[in-house]
Amino acid sequence: MPHCRNCDGFVTENYVRVFAPQDMSTVRVCPNCEDKLRDGAEVREARSTRQN
């Protein structure tokens with residue numbers, strides 16, 4: 001099962017297919033990560049905390 005490399009949370013295979021770089025089998029950051037987020041092709045530190 002795929003998982004997030006940042007928080008080790010579960011992600012679906014469809015999420016990996018869409019958001020993982022082509023040479024990776026998992027994502028670097030997922031929607032559940034509070035400390036990082038995707039910024040285009042890069043992953044960066046979140047500037048503010050996310051509200052759930």
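This is a predicted model: local features need pLDDT of at least 70, side-chain atom pairs count only at pLDDT 80 or more; totals for chains, interfaces and linings use all residues.
Helices (H or I, at least four residues) and strands (E, at least two) are DSSP runs, numbered from the N terminus.

Residues are numbered from 1 along each chain as its sequence is written, and side-chain values use heavy atoms, with hydrogens and water left out.

**The whole chain**

Of the 52 residues, 23% count as buried; buried means under 20% relative accessible area, exposed over 50%, and partly exposed in between (1.4 Å probe, protein chains only).

**Helix 1**

Now select tyrosine 15 and phenylalanine 19. Both sit in helix 1 (residues 13–19), four residues apart, about one turn of the helix. Rings of Phe, Tyr and Trp (its six-membered ring) pair if their centres lie within 6.5 Å; planes under 30 degrees apart count as stacked, over 60 as edge-to-face and the rest as tilted. The whole structure holds one aromatic pair. Here the ring centres of tyrosine 15 and phenylalanine 19 are 4.5 Å apart with planes at 40°, so the pair is tilted. Tyrosine 15 is buried at 14% relative accessibility, whereas phenylalanine 19 is partly exposed at 35%.

**Threonine 26**

Move on to the loop between helix 1 and strand 1 (36–39), where you will find threonine 26. Threonine 26 is buried, at 10% relative accessible area. Show its contacts (heavy atoms within 4.5 Å): leaving out residues up to four places away in sequence, threonine 26 touches Pro2, His3, Cys4, Arg5, Val16 and Ala20.

**The cysteines**

Last, display the cysteine sulfurs. How many disulfides are there? The count is zero, taking a disulfide as a pair of cysteine sulfur atoms within 2.5 Å. Start at cysteine 7: the closest cysteine sulfur, in cysteine 30, is 3.7 Å away, too far for a bond. Then pick cysteine 33, whose sulfur is 3.5 Å from the closest cysteine sulfur, in cysteine 4, again too far for a bond. Cysteine 7 is partly exposed at 37% relative accessibility, while cysteine 33 is buried at 1%.
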